[in-house]
Amino acid sequence: MFSVEVRDRIMIAHSLPDPFFGPAQHMHGATFVVDVAFYREALTDKNVVVDIGAALNVLAATLKPLTYQNLDALPQFKGVLTTTEFLARYIFDAMTDAALSGKLGPEAATLARIRVTLSETDLARASFEGPVRG
């Protein structure tokens, strides 16, 4: 299996209003390093997994509306516990939509899988991985 991975970062604020989260239930900031890995069984006719430039651009565009935002105030997250795991799935869905719509290049719809990993620190990270289905 071949893979290509791109990276960006976001700074956000949010709260996780449930006693389960201890001190994180209060408003706090987080800086995430966001890694997106693209997988395919065989290279395209251009000998690539995905267009890296397009992948970087789509990731930046996906993260831009979240950057320097209080996620609690964004309508799409109203009443949602915006955990690291949840955000990994949210970004995965956007990257998969981009693959299927051609924004990652003409052959991106044939990617096998995408994995999104958000690293909170060098000690903790969360991921979501799944197939690209059209």
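A residue is called buried when its relative accessible area is under 20%, exposed when that area is over 50%, and partly exposed in between, using a 1.4 Å probe and protein chains only. Strands (E, at least two residues) and helices (H or I, at least four) are DSSP runs, numbered from the N terminus. With these terms in hand, strand β4 is mostly covered, as five of its seven residues are buried.

The structure is a predicted model, in which local features need pLDDT of at least 70 and side-chain atom pairs count only at pLDDT 80 or more, while totals for chains, interfaces and linings use all residues. Residues are numbered from 1 along each chain as its sequence is written, and side-chain values use heavy atoms, with hydrogens and water left out.

The tour can begin with the sheet. Two strands pair if DSSP finds at least two bridges between them. Five strands form an open sheet in the order β3-β1-β2-β4-β5, and the pairing is mixed. At its edges lie β3 (69-70) and β5 (125-131), each of which pairs on one side only. In general, strands of a sheet pair through backbone hydrogen bonds, either parallel or antiparallel.

Strand β4 (residues 113-119) is antiparallel to β2, with seven bridges between the two. Along this pairing, Val33 stands opposite Ser119 of β4, and Ala37 has Arg115 of β4 as its bridge partner. The pairing of β4 with β5 is antiparallel too, over seven bridges, and these two strands form a hairpin with five residues between them.

Next come two residues in loops. Ser15 sits in the loop between β1 (2-14) and β2 (28-40). Ser15 is counted as buried because its relative accessible area is 12%. Its side chain makes a polar contact (N or O atoms within 3.5 Å; within protein, one able to donate a hydrogen and the other to accept it, and residues adjacent in sequence counting only if both atoms are side-chain atoms) with the side chain of Asp72, at 2.5 Å. Contact in the wider sense means heavy atoms within 4.5 Å. Beyond four places in sequence, Ser15 touches several residues, including Ala24, His26, Asp72 and Thr82.

Thr44 belongs to the loop between β2 and α1 (52-63). Thr44 is buried because its relative accessibility is 9%. Leaving aside neighbours within four places in sequence, Thr44 is in contact with Val49 and Glu107.
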